[in-house]
Amino acid sequence: QVQLVESGGGLVQPGGSLKLSCAASGFTISNYPMRWYRQSPGKERERVALISNSGGITTYPDSVKGRFTISRDNAKNTVYLQMNSLKPEDSGVYYCHVFFGKDYWGKGTLVTVSS
């Protein structure tokens, strides 16, 4: 049974940092690219980070480039998202995602950036 469990969200002031975790079970993350998405109120879900199987390739949209870093620990079967210099527009629910045969999503973790 494939499961993705996100954690690490919370309330942070603008300019602050958070590190999200995505613990995977039921499959081996080293076999697949992994992604983080976010969904803000009134907006479509958008991808904010991708990491390749090997971890050698990462991609980000311009909106988070230079501030967010995705990483993976294959030994722990866990993917991370380090978020720095957070802005109010980064607020939303952050989801971990993997695709093999179909889309698998976690339940998300809420990030609120506010003073």
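A: Let's start where C22 stands opposite V79 in β8. This is a predicted model, and in it β3 and β8 pair in the antiparallel sense, with 6 bridges between them. β3 also has a partner in strand β1 (residues 3-7): those two run antiparallel as well, joined by 5 bridges, and there L4 stands opposite A24 of β3.

C22 and C96 form a disulfide, with their sulfur atoms 2.1 Å apart, and the structure holds 1 disulfide. The link is left-handed, at -85 degrees about the S-S bond. C22 lies in strand β3 (residues 18-25) and C96 in strand β9 (residues 92-99), so the bond ties together parts that are 74 residues apart in sequence. Both cysteines, C22 and C96, are buried.

What about the core? The largest nonpolar core has 26 residues, and M34, W36, F68, L81, M83 and Y94 touch the most other members. β3 gives the largest share of this core, 4 residues. Other strands that each supply at least two residues include β4 (34-39), β5 (46-51), β7 (68-73) and β9.

Setting aside neighbours within four places in sequence, L81 is in contact with L18, K19 and L20, and its other contacts include W36, V48, F68, I70 and Y94.

The charged end of K19 sits over the ring of Y80, 4.7 Å from its centre.

Finally, follow the chain out of β3. Y32 lies in the loop between β3 and β4, and F100 in the loop between β9 and β10 (103-105), so this pair ties together parts that are 68 residues apart in sequence. Their ring centres are 4.5 Å apart and the planes are at 25 degrees, so Y32 and F100 count as stacked. Y32 is partly exposed, with a relative accessible area of 23%, and F100 is partly exposed too, at 22%. Y32 and F100 also belong to one aromatic cluster with F27 and Y104.

Technical notes:
Residues are numbered from 1 along each chain as its sequence is written. This is a predicted model: local features need pLDDT of at least 70, side-chain atom pairs count only at pLDDT 80 or more; totals for chains, interfaces and linings use all residues. Side-chain values use heavy atoms; hydrogens and water are left out. A disulfide is a pair of cysteine sulfur atoms within 2.5 Å. Buried means under 20% relative accessible area, exposed over 50%, partly exposed in between (1.4 Å probe, protein chains only). A nonpolar core is a set of buried Ala, Val, Leu, Ile, Met, Phe, Trp, Tyr and Cys residues joined through side-chain atoms within 4.5 Å. Contact means heavy atoms within 4.5 Å. Two strands pair if DSSP finds at least two bridges between them. Rings of Phe, Tyr and Trp (its six-membered ring) pair if their centres lie within 6.5 Å; planes under 30 degrees apart count as stacked, over 60 as edge-to-face and the rest as tilted. A charge sits over a ring if NZ of Lys or CZ of Arg is within 6 Å of the ring centre and within 35 degrees of the ring normal.
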